[in-house]
Amino acid sequence: MTSGEKRVEIEKELSFGPVHPALIEPYRIRLFVNDEIVEDCELNINMAYRGIEKLFDGLPVERALLIAERVCGICSHVHAWNSVRVIEGGLKIDVPPRANYIRVITQEMQRITSHLILFGHAFEVVGHETFAMRSFLLRESFMDLISYVGGNRVMPSVPIIGGIRPRADLTESLKRVILERIDEFEEKYKGYVARIIEDPLVMSRLTGIGFLTKEDAIKFHATGPTGRASGWDYDVRTKMDEYKPFDFNVITDESCDTKARIVVRALEIFESLKIIRQAVKNLPEGPVVNRSWRAEEMDFTTALLEAYRGELMHSYGLDSQGRIRNYKIRTPTPTNLAAMEHACIGDHVTEAILTIASCDPCLTCCTRAEIVDSGKSFVLSDLEIIRKYGWRK
Amino acid sequence: MNLKATSRKNAIHVMVAYTGGCNGCDIEIVNAVLSPRYDVEQYRVLLTWNPREADVLIVSGVVAWQMVEPLKKIYDSIPEPKGVVAVGACAVNGNVYKNLVGDIGQNEEIWAPVETVIPVDVKVPGCAPRPEDVIAGVVKALPKILEAP
């Protein structure tokens, strides 16, 4: 599909999935192989369709948050935060600064855990168990901190409309614990990163494969660290009001290969630590939630947020009774898919899974229903599907 | 404990079948078995991706309709005696995806709970359950395997 104008003769097709030892999430990879060189790659993501956008339709907006958080288990806070940012933007609800700071703190903590999962996964694919285990061990300290703030390791449920849950307010002792833990973490993590970069075996496995040039990254809409590893300095955080008070850098890398995608994420963790430290030290006093709002009719509003894998979009409108209409979610992975497929082409077949893993796919939350008709594919909205087929029995 | 049970106890293989939830439980399960903090491998409980060598099947997630047939196939290819542990609120009762719906009644896009597809021995509730709970669930499924003839 992505190989361009010239048609290539294919010797063999390798097909993995949906449940395959090489893959944890249910998705299907088709590799078209010519003499062990990948000529084309196709990712089929449609294995976990839950109809989640349709579930929102007609719910009161407060209850929608419960479902929005459960779109994805790795980036749960992002979905919860962005779903409330839509209504806060649309109805002009003020959010207290203290609530914004705590949202940012939780966001950056979860960003670190998400990037560490990638290292665990990528190094397991490489075959280096020790690095994978060390990254899982490092991750535990931040899972603990998230559970101290929100009460659950995976679903902290911090944001509500107009602020944060009062339970998630940071006490003085918790602030001290966070600062101590991130100092401890940074020391261990520096050693870990130095160990990775100095390891000639791992580096020789990562360097020079999975090329994605800047032009291709922009052409195929690679977002987030995948795009930044190709030298494209696009970060939604630089445009957001919530991140205005904090000083951080956007990490980019010009080398465009699998190593760059790992290194960009490794360095982003230091920026996240910087943001957490600033936020905890300068945490303003005051209330954490603004309850003086009413759900009323709202136009179709869109909010963008930098999730851990790239740009995330949530948008919906409210009808006159404050119920949700036309919820749309676009997660970063569907926009990255074409870039992933393109990055695999031209490499040896053993590198394909590593290249896809280094782009950090999260395939549960990106599933769309799709009809493939005579080579052309187009995406149907949920409403069109129900109109055409009815609810599946 | 007879010889058979002793030898079985020394190599419990766990397989994770992920059927389309939100990834949270899946990572917690892999955490429970693999990660250095909740290391179950030290008690010789091993993670495998091959159903033919598995003893315990851990199922997480709502069962999306594309995953029904693969799940049945995986269950059939596990040799007897076998135990099934359903982990997470999605696998136990469908969680928000099944019940909390607005205009349109129950969501028929998903087949949760897992019980409707394959028999389940132990259920571990929670969204997402802690790794300790997952370990406790697997331990509860063990007597069925050890005491089988």
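This is a predicted model: local features need pLDDT of at least 70, side-chain atom pairs count only at pLDDT 80 or more; totals for chains, interfaces and linings use all residues.
## Where chain B meets chain A

Let's begin with the two chains. On one side, 38 residues of chain B take part, and they are in contact with 39 residues of chain A. Four elements of chain B each supply two or more residues to its side of this contact: β1 (12–18), α2 (24–34), α3 (68–77) and α5 (95–98). Of these, α2(B) gives the most, with 7 residues.

## The annotated cysteines

UniProt, in an unreviewed entry, lists A:Cys75 and A:Cys365 under "binding site". Here we follow A:Cys75, which sits in the loop of chain A that runs between α2 (61–69) and α3 (76–90).

Is A:Cys75 buried or exposed? A:Cys75 counts as buried because 28 other C-beta atoms lie within 10 Å, and the cut-off for a buried residue is 20 or more. Leaving aside residues up to four places away in sequence, A:Cys75 touches A:Gln110, A:Ser114, A:Ala307 and A:Tyr308.

## The largest nonpolar core

The largest nonpolar core of the model holds 150 residues. Helix α4 of chain A (residues 97–126) provides the largest share of this core, 13 residues.

Within the core, B:Ile58 and B:Val87 have the most contacts. The two also touch each other: beyond residues up to four places away in sequence, the partners of B:Ile58 are B:Val14, B:Met15, B:Val16, B:Ile29, B:Val85 and B:Val87.

Definitions and conventions:
Residues are numbered from 1 along each chain as its sequence is written. Chains are lettered from A and ligands numbered from 1 in the order in which they are written. Two residues are in contact if their C-beta atoms, placed from the backbone, lie within 7 Å. UniProt positions are given in the numbering used here, feature names are shortened, and annotations may be inferred rather than shown by experiment. A residue is buried if 20 or more other C-beta atoms lie within 10 Å of its own, exposed if 12 or fewer, and partly exposed in between; C-beta atoms are placed from the backbone. A nonpolar core is a set of buried Ala, Val, Leu, Ile, Met, Phe, Trp, Tyr and Cys residues joined through C-beta atoms within 7 Å.
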